[in-house]
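Welcome! Here is a short briefing to read alongside the structure shown below.

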Amino acid sequence: MKGKILIRRMLRSPQFVIGFVIVITIVLVSVFADQLAPMDENLNHITARFTPPQGISAYFNGGYVLGSDELGRDILSRVLVGSKISLTIAFVGTICVATIGTLLGVFAGYFGGVVDDIVMRATEVTMAIPSMTLGIVIMAIFGPSISNLILVMIITSWKNFAKISRNQVMIMRNREFVQASRALGGSGWHVIMTQIMPNVTTPLLIQLSGTFGGIILTEAGLSYLYLGVQLPNPSWGNMIAGGRTYLAAYPWMVIVPGIALMITVLGFNFLGDGLRDVLDPKQTR
Amino acid sequence: MVKFFAKRILCLLLVVWIVSVLAFVMMRLAPGDAAVMALPDYASEAQIAAMRVKLGLDKPYITQYLIYLGDLLRGDLGTSVLYEKPCLDVIMERLPATLSVTIVCSIMVLIISIPLGIIAGVNKGGPIDFFAVLFALLGQSMSVVWICVLLLLLCSVKHNWLPSMGYNGLFDVKYLIMPAIAMGYKMCAGMVRMGRSGMIDVLSEDYITCAYARGMSRFEVNCKYAFKNSIIPVITLFGMDVAAMLAGAVIIETTFTIPGIGSMLVKAVSNRDYPLTQSTLVVTAAMFAVVNLVVDIVNAFIDRRMKLN
């Protein structure tokens, strides 16, 4: 697809534009989280516990823009720094998941037979255990750490990429240009990389955006059970868990991280849907 | 048809077996000595050694595995360290609560999502479609945690509509409404999207045009032809979600303190009750297999093409 047409299509899809703007803003905010945060995210202020949100003006005179929590920590700073942790996990997780899942799916689709059987049974096995159940078991047994969190993401999400790439490769495998490449003596790896992969990227790209949002949600769920990002490090999930006790009296402790979480995932889902409109106009989903 | 189901059952049994192997391996990989974990801190060396023998940890891994597999085939899932009861009994005690939430949630989801998805698909681009897409997108973007908290804030804190926690059997529905909404919204979102896109795809097929050409009314075409064919992926998705719910919605059960399988699992893992954790994984996989088989049977009834193969 020509660049010009692509850009015109992007601008014509409101979902893509909204998603793109949200995602770029959130990525920038999380990259500069330490600079943007008005206070140290772990600084306690026992005299200023449960300060209600004081509004934007407080940002410049050392107040609590979005209020403070049970230890007097600034919620805005914690949400900002939490975004950095969440997005880093989601970013690394998505790359690992996409690479592993796609490679396995492509091999399954291209070689078929036993390889295909093994990979397909493996996807069924990971489907048989819900991601949250598996996440809890792994995190509890091997200890909650960022690397184990990413391991959970890989185990629970690789199957989506594997299935999509397998089906796409199955369709591509017997097309003329693939057979021509094979007839000219191309090895399996060469054919996969130069002939098949460029033709299966569109659905994978769309899946990528959805996976990113999904990983953020899983991380928030595990952190909510204190099995993800560990205190005192802030994460949207453990902030919601911490604020739940004070829900009746100090609701902002929960609402602020909740809204941050929702907007972020909404942004990635919008982007995914928008990409589908832009890259694959035939599909309606 | 018989061959298809025989193959499916074999596949699903294979999946359950692999999960049981993985659960076994994972529990052996876990750091720490299971015998030490099972005893209080002041246990003597002799007591620990006795516990090792009792748990069968003194034997080589292969022997341990064969004993485990033998017990599993006889339906014995081992004894829970935490509850000091057979694991299967513990799980069965917790199943009714999880099952009640699943039932209320499933009914709610089916009533809302199927009509909404279908109507949105038929009226693509209309106001109902816009609402359905927004509803689904929001549902997929909200964390279950966030939905739980919002519901609590609205229904228990601001207005005293529903009790914020507890469980009192299937028929005391007021305890189950909030958990069911929290669990069901995401499910609903997925099913609405799936139903809508399925309907749009099917309505562009040639046989729909053909049905109109034969003079059928719009209602008849939508109900008789399009609905039947677009519902199959929705049922498959519904089955997967129900299987996941039966494994215990951990976040919801801990938030609303429902004594179900999910909250039991959290308790089991935090107390390092390895036999119970292991059995929960195996039972979860078995439930997944059963639900999947049911889904396959239902789909075979709806879809004639599957019978022909």
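Chain B brings 48 residues to its contact with chain A, and chain A brings 40 residues. This is a predicted model, so please read the points below with that in mind.

**Where the two chains meet**
- About 4,000 Å² is buried between chain B and chain A, and carbon and sulfur atoms give 78% of this area.
- On the chain B side, B:Leu137, B:Ser141 and B:Trp146 supply 15% of the area buried against chain A, more than any other three residues.
- Two salt bridges are found across the interface of chain B and chain A.
- A:Glu124 and B:Arg8 form a salt bridge, with their closest N and O atoms 3.4 Å apart.

**A nonpolar patch on chain A**
- Helix α2 of chain A (residues 14-31) gives the largest share of the patch, with five residues.
- A:Leu36 counts as partly exposed because its relative accessibility is 34%, which lies between the cut-offs of 20% and 50%.

**Cysteines**
- A disulfide is a covalent bond between the sulfur atoms of two cysteines.
- Over all chains, the count of disulfides is zero.
- B:Cys87 is buried, because its relative accessibility is 0%.
- B:Cys11 is buried too, with a relative accessible area of 15%, and the cut-off for buried is under 20%.

Terms used:
Residues numbered from 1 in each chain as written. Chains lettered and ligands numbered in written order. Predicted model: local features only at pLDDT ≥ 70, side-chain atom pairs only at ≥ 80, totals over all residues. Heavy atoms only, no water. Helix = DSSP H or I, 4+ residues; strand = E, 2+ residues; numbered from the N terminus. Buried < 20%, exposed > 50% of the residue type's maximum accessible area, 1.4 Å probe, protein only. Disulfide = S-S within 2.5 Å. Contact = heavy atoms within 4.5 Å. Buried area = accessible area lost by both parts, 1.4 Å probe. Salt bridge = Lys/Arg side-chain N within 4 Å of Asp/Glu carboxyl O.
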